[in-house]
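Thanks for making the time this morning.

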Amino acid sequence: MSWNVFIGVVLGQIVSSYTLGIVGVALDRVPSSMTLSSTWLGLLGAGSLIGLFGSLLVGRLADRYGRAPEVFHGRYARPNASISATTIHH
């Protein structure tokens with residue numbers, strides 16, 4: 001196995017673990033600042049895991065069509081999704 005692949009996998013696991021840890025800490029504090037049901041809290045927690053599986057899809061698409069289109073489109077899709085998420089009112 002190549003050292004680049006090994007280091008990439010290890011760093012990916014570290015980032016994933018950090019993300020899940022932060023979500024767990026944040027979910028403890030959400031009910032005090034927002035009025036969310038347990039269903040919504042569960043969906044928020046599951047969203048971070050769903051994102052991990054989404055990276056498998058994006059990785060396969062990048063393998064098929066190249067990295068440059070994924071990076072180019074992601075550069076615009078991620079900020080737009082973030083801005084859209086902040087403007088949603090329930």
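This is a predicted model: local features need pLDDT of at least 70, side-chain atom pairs count only at pLDDT 80 or more; totals for chains, interfaces and linings use all residues.

F6 has a relative accessibility of 40% and therefore counts as partly exposed, where buried means under 20% relative accessible area, exposed means over 50%, and partly exposed is in between, with a 1.4 Å probe and protein chains only. Residues are numbered from 1 along each chain as its sequence is written, and side-chain values use heavy atoms, with hydrogens and water left out.

F6 lies in helix 1, residues 3-33, and by helix I mean a DSSP run of H or I with at least four residues, numbered from the N terminus. Together with W3, I7, V10, L11 and I14, F6 forms a nonpolar patch on the surface, with about 620 Å² of accessible area in total. Such a patch takes residues with over 30% relative accessible area and no salt bridge, joining nonpolar side chains (Val, Leu, Ile, Met, Phe, Trp, Tyr) within 5 Å and like charges within 9 Å; the areas come from the Shrake-Rupley method with a 1.4 Å probe, only the protein chains shown counting as cover for residues, and a salt bridge is a side-chain nitrogen of Lys or Arg within 4 Å of a carboxyl oxygen of Asp or Glu. As background, an α-helix has 3.6 residues a turn, so residues three or four places apart point the same way.

V10 is also in helix 1 and, at 35% relative accessibility, counts as partly exposed; its C-alpha atom is separated from that of G51 by 18 Å.

Which residues does L27 contact, leaving aside its neighbours within four places in sequence? L27, again in helix 1, is in contact with L41, L44 and G45, contact meaning heavy atoms within 4.5 Å.

Turning to helix 3, residues 67-87, its 21 residues should span 30 Å at 1.5 Å a residue, and the end C-alpha atoms are 30 Å apart, which agrees; the expected span is 1.5 Å times one less than the number of residues.

How values were computed
Helices (H or I, at least four residues) and strands (E, at least two) are DSSP runs, numbered from the N terminus.
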